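Dear colleague,

Please find below the structure that I am handing over to you. My notes on it follow directly after.

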Amino acid sequence: MTDAFLKLGQYLAFPFVQYALIVGVLIALCSSLLGVTLVLKRFSFIGDGLSHVAFGAMSVAAVVGLTNEMFIVMPVTIVCAVLLLRTGQHAKMKGDASVALISVFALAFGYLLMNLFPTSSNVSADVCGTLFGSTSVLTLTAAEVWVSVGLSVVTVTVFAVFYNRIFAVTFDENFAKATGIRTELYNLIIAVVIAVVIVLAMNLVGSLLISALIIFPALSAMRVFKSFLSVTICSAILSVGTALLGLLASIMFGTPVGPTIVVAQAALFLIFWIVGLVHGGVKQ
Amino acid sequence: MEQLRCENLTLGYENGAILKNLSFSVKEGDYLAIVGENGSGKSTLMKTVLGLMKPLAGKIERGEGLNRWDIGYLPQQTIVQRDFPASVWEVVLSGTLSGEKFHPFYTRSDRKTASENIEKMGLEALKNRSYRELSGGQQQRVLLARALCATRKIILLDEPVTGLDPKVTLEMYELIQSLNKEGVTIIMISHDVTAAVRYANKILHIGGHVFFGSVKEYLASAEGKLFTAKEARK
């Protein structure tokens, strides 16, 4: 065990480890902020769906041979987020069905493209890396870190400034609209921010595990806390804490980053669930 | 003073009109009950009055000094709200947000308005409780306090007593009546004609034949007679 800590001390001196920790914490913070709203709006699976869309877009970018794939991935993911979250009163298809549809299609399409037009010799390793985010968080460049910092600052600021309206729109959209709040605008803001966060988060945990970053902290916090503010703060703390813990553990024990974080979050969820039961925090 | 006048409204969705040639008006201090069978278009009418939907034809005029967001609203509960982690204070305070001007955060006067309405609805003891833990009647009072934060002029209530037990139903009706006596205009959607006739001063009956007039006129009308005949049989 002491060996492991010594090793950790050495690793922490490396810039790439520091980068991973900075980006990991920021992504965990951003995704947890919107997680509460998404879970309550019954869009728990949007993280999964949109990350598959981003995966599909990445394959297209790779096949086309774009040097900077963000030019395709970001707009495509944002458009899909806006379409999915647009809650029309007469929607022909329910939210969960359209999320599932787009998610499965984008995943299949992306994998198909990568197989038809392989850009490297080992397609399955590429796919596995994108989906489970094997090592990409440990190979970040300083420029990528700055982009993450910038986008995180924007996300947190947008969330703080519109916090009260996001609450009103999530709690009761019709009431908010009747009192003159521009609900379409706030739904659009939520959609754009979540798309940006998901594209960012793919670097950390990979596309399959983004859902965990969005839903676990929010659901854990909702077991115990009772007001929107306390749930939001608690889920942010939980998310940042588990991301740090998971990253450090994966460095110490050489485990894959994404799954380690998710297992840490699942363990915390179990604890909060039990605390909630004992405390009577959630009445059925 | 007339606060709301609807003329020759045609309501519905693209694929067809539900209601045609609907005209009625609401004066300051009125208590209007909108009654009608399920599916007669009560909810569509309410959404149109609130500005959530546009009428297919006809017009809605608001009296002088009355903005679109001066109409408070007590909605039917949605599924989302049943497990929503929000304190009573947060829910009531959110009623003070409006499209009028943008402040990112609540102002001192917003907090004062919220406190006053919490007190008015007798919710001080529940202020920090979670909305999802409250009983149906308490939740309705929280939503009423929120509507009062949005406006003191007109409150629109959509089936305010659905799912409440008889005692709480009576309390709710009396609370609404006391607000009306303070000068708040009430528009209540209901299929409880007995209560409508007892508490309201005007009735709008939609579906089938449209009737609009005072309670007295309603009881003398064909629709009203149908209702009194049903009551007599009970």
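Chain A comprises 13 helices and zero strands, where helices (H or I, at least four residues) and strands (E, at least two) are DSSP runs numbered from the N terminus. Its pattern along the sequence reads α-α-α-α-α-α-α-α-α-α-α-α-α.

This is a predicted model, in which local features need pLDDT of at least 70, side-chain atom pairs count only at pLDDT 80 or more, and totals for chains, interfaces and linings use all residues. Residues are numbered from 1 along each chain as its sequence is written, chains are lettered from A and ligands numbered from 1 in the order in which they are written, and side-chain values use heavy atoms, with hydrogens and water left out.

Confidence

The predictor assigns the complex an ipTM of 0.85 and a pTM of 0.85. The mean pLDDT (the predictor's confidence in each residue, from 0 to 100) is 83 for chain A, with 89% of the residues scoring at least 70. Within chain A, helix H6 (residues 123-132) has the lowest confidence, with a mean of 70, and helix H12 (residues 228-253) the highest, at 91. For chain B the mean pLDDT is 84, and 97% of its residues reach 70 or more. Among the elements of chain B, the lowest mean, 72, belongs to helix H8 (residues 222-233), and the highest, 93, to helix H2 (residues 88-93).

Chain A

Of the 284 residues of chain A, 50% are buried; buried means under 20% relative accessible area, exposed over 50%, and partly exposed in between (1.4 Å probe, protein chains only). The accessible surface of chain A is about 12,600 Å², and carbon and sulfur atoms make up 74% of that area; such areas come from the Shrake-Rupley method with a 1.4 Å probe, and for residues only the protein chains shown count as cover. Among contacts (heavy atoms within 4.5 Å) in chain A with a separation of 6 or more, 77% are between residues 24 or more positions apart.

A:Ser148 is located in helix H7 (residues 142-161) of chain A. Its relative accessibility is 4%, so A:Ser148 counts as buried. Setting aside neighbours within four places in sequence, A:Ser148 is in contact with A:Val23, A:Leu26 and A:Leu200.

Chain B

Helix H1 (residues 42-50) of chain B is largely enclosed by the rest of the structure, because eight of its nine residues are buried. The buried residues of H1(B) include B:Lys42, B:Leu45, B:Met46 and B:Val49. B:Gly51, which follows H1(B), has a positive phi, near 85 degrees.

B:Glu2 belongs to strand S1 (residues 2-13) of chain B and is partly exposed, at 29% relative accessibility. Not counting residues up to four places away in sequence, B:Glu2 touches B:Ser25, B:Val26, B:Lys27 and B:Gly63.

The second largest pocket

The second largest pocket has a volume of about 430 Å³. On a 1 Å grid over the protein atoms alone, a pocket is an open set of points where a 1.4 Å probe fits, with protein on both sides within 12 Å along at least five of seven lines; lining residues have an atom within 4 Å of a point. Of the 24 residues lining this pocket, B:Thr96, B:Ser98, B:Lys101, B:Asp110 and B:Cys149 are the closest to its centre. Helix H3 (108-120) and helix H4 (136-150) of chain B are the elements that give two or more residues to the lining, and H3(B) gives the most, with six residues.

Yours sincerely

How values were computed:
Points joined across faces, edges and corners; volume = space filled by probe spheres on them.
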